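Trainee: I'm new to this one. Could you walk me through how to read it?

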Amino acid sequence: MSEAATETIARRGLLLVLSSPSGGGKTSVGRALREADTNLHLSVSLTTRAARPGEADGVDYHFVDEPTFLRAIEANAMVEHAQVYAHRYGTPRAPVAQALDRGHDMLFDIDWQGTQQLRAALPGDVVSIYLLPPGMDELARRLAARAQDDAAVVARRMAQAASEITHWNEYDYVLVNSDFDATVAAARAILAAERLRRSRRTGLAPFVAALLGG
Ligand code: 5GP
């Protein structure tokens with residue numbers, strides 16, 4: 001079968017989760033994946049934290065206040081939500097369902113709590129990757145270099161990182177992010193293979209039926 005024929009067979013979308021402790025590289029790796037791939041759409045979460053410099057509402061997050069977040073929970077409008085550090089974060093439900101039906105893939109920058117909930121809600125649709133830092137010193141260096149958060153926030157996130165990392169074995173794939181380009185290449189390979197997984201290729205049965213019938 002030619003590559004072109006493979007591409008045209010209808011399939012369900014997939015939900016690609018990238019998790020790591022803060023500073024672990026998930027945002028940069030996710031950005032690199034999306035730059036090269038027009039069928040990978042970022043899931044834009046709701047959060048109650050304030051925007052950092054350079055972040056835009058509706059692009060990086062939907063920045064909302066606590067009552068708005070609670071109303072979204074009440075309305076069952078989020079497929080998962082969690083408290084991470086001092087703030088609340090959650091994934092809007094509607095874009096996820098739409099992407100799956102349309103054969104579009106979504107990228108999630110969510111923590112281990114959200115990943116567990118997403119997998120429970122949509123088993124079979126989630127492909128999860130955990131990025132490990134090459135060392136804790138390197139993680140501290142990356143967090144300090146980012147310098148968008150104040151020193152107290154950086155210290156708290158370093159303290160959280162060790163407990164976050166204990167969830168590494170709940171993920172489908174684990175990459176040690178010591179070389180950025182190599183990590184992106186590995187994540188692309190995972191995405192390419194998972195797109196070809198038989199269970200999501202809804203067009204295969206009719207394709208084979210036509211193949212044998214014709
Ligand atoms: P940050 O405030 O640095 O953007 O994100 C802090 C943490 O919250 C990160 O680990 C990030 O992956 C996680 N996070 C961001 N959005 C969501 C979400 O919608 N749900 C969950 N469960 N975690 C999220």
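Trainee: Which residue stands opposite aspartate 105 in S7?

Mentor: Before that, some ground rules: this is a predicted model, where local features need pLDDT of at least 70, side-chain atom pairs count only at pLDDT 80 or more, and totals for chains, interfaces and linings use all residues. Residues are numbered from 1 along each chain as its sequence is written, and side-chain values use heavy atoms, leaving out hydrogens and water. Strands of a sheet pair through backbone hydrogen bonds, either parallel or antiparallel. Here, the residue facing aspartate 105 of S7 is leucine 40. S2 and S7 (residues 105–108) run parallel, joined by three bridges. Strands are DSSP runs of E, at least two residues, and helices runs of H or I, at least four, numbered from the N terminus; two strands pair if DSSP finds at least two bridges between them.

Trainee: What is the order of the five strands in the open sheet?

Mentor: Read it as S2-S7-S1-S8-S9, with parallel pairing. S2 (40–42) and S9 (173–176) each have a single partner strand, so one side of each lacks a neighbour in the sheet.

Trainee: Which residues come nearest to the ligand?

Mentor: A residue counts as near if one of its heavy atoms lies within 4 Å. Of the 17 residues around the ligand, the nearest are Ser45, Arg49, Tyr61, Glu80 and Tyr89. For polar contacts, look for pairs of N or O atoms within 3.5 Å; within protein, one must be able to donate a hydrogen and the other to accept it, and residues adjacent in sequence count only if both atoms are side-chain atoms. Tyrosine 61 has a polar side-chain atom 2.5 Å from a ligand oxygen, and a side-chain N or O atom of aspartate 109 is 2.7 Å from a ligand oxygen.
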